[in-house]
Amino acid sequence: MLFNIALNKPCYQSSRSKWSKPDESSLAVSNNFFGEFSFHTSEDDSPWWMIDLKCVYPVVEVRVHNIKTTNDLTLARARSLLVEISNDGEQWRTVYVNKNIFKFESECLKILFEESIDARFVRLRL
């Protein structure tokens, strides 16, 4: 049985866009997917979103939903998605590199690890 260890944990992002709302980075782990997106960064180099799990957990799966849109250029941004983990928030290890476009309405990117990976921080980065 999988347990959502990310639910309602604190989240951070590298920047906020002009469309951002206060505390929107936490919407991604609220179990409520409303609107077109949960968080939106500015168009900075290598933007990221991160969750602090508050202690080290064995992570077996990461699920990512893409923005709700029909614009292929917007959807394609997630093609360069990296998933990184850290135990201290300073040293990061890449555990997944995405190479495909995925749509919110039809797909959820489910990243399953063969063996659990211990992590306190999980970061999504473009």
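1. Secondary structure first: the chain carries one helix and five strands, in the order β-β-α-β-β-β from the N terminus. Both kinds of element are DSSP runs numbered from the N terminus, with helices being H or I of at least four residues and strands E of at least two. Keep in mind that this is a predicted model, where local features need pLDDT of at least 70, side-chain atom pairs count only at pLDDT 80 or more, and totals for chains, interfaces and linings use all residues. Residues are numbered from 1 along each chain as its sequence is written, and side-chain values use heavy atoms, without hydrogens and water.

2. On burial, 40% of the 126 residues count as buried (under 20% relative accessible area, with exposed meaning over 50% and partly exposed in between; 1.4 Å probe, protein chains only). The chain exposes about 8,100 Å², and 51% of that comes from carbon and sulfur atoms (Shrake-Rupley method, 1.4 Å probe).

3. Now the contacts (heavy atoms within 4.5 Å). Among those with a separation of 6 or more, 70% are between residues 24 or more positions apart.

4. Have a look at W92: R123 lies over its face, 3.9 Å from the ring centre. The rule here asks for NZ of Lys or CZ of Arg within 6 Å of the ring centre and within 35 degrees of the ring normal.

5. Two backbone spots deserve a check. Most residues other than glycine have a negative phi. N8, not a glycine, has a positive phi of about 65°; N8 is in the segment before β1 (11-13) and counts as exposed, at 59% relative accessibility. K54, also not a glycine, has a positive phi of about 75° and is located in strand β2 (residues 48-64).
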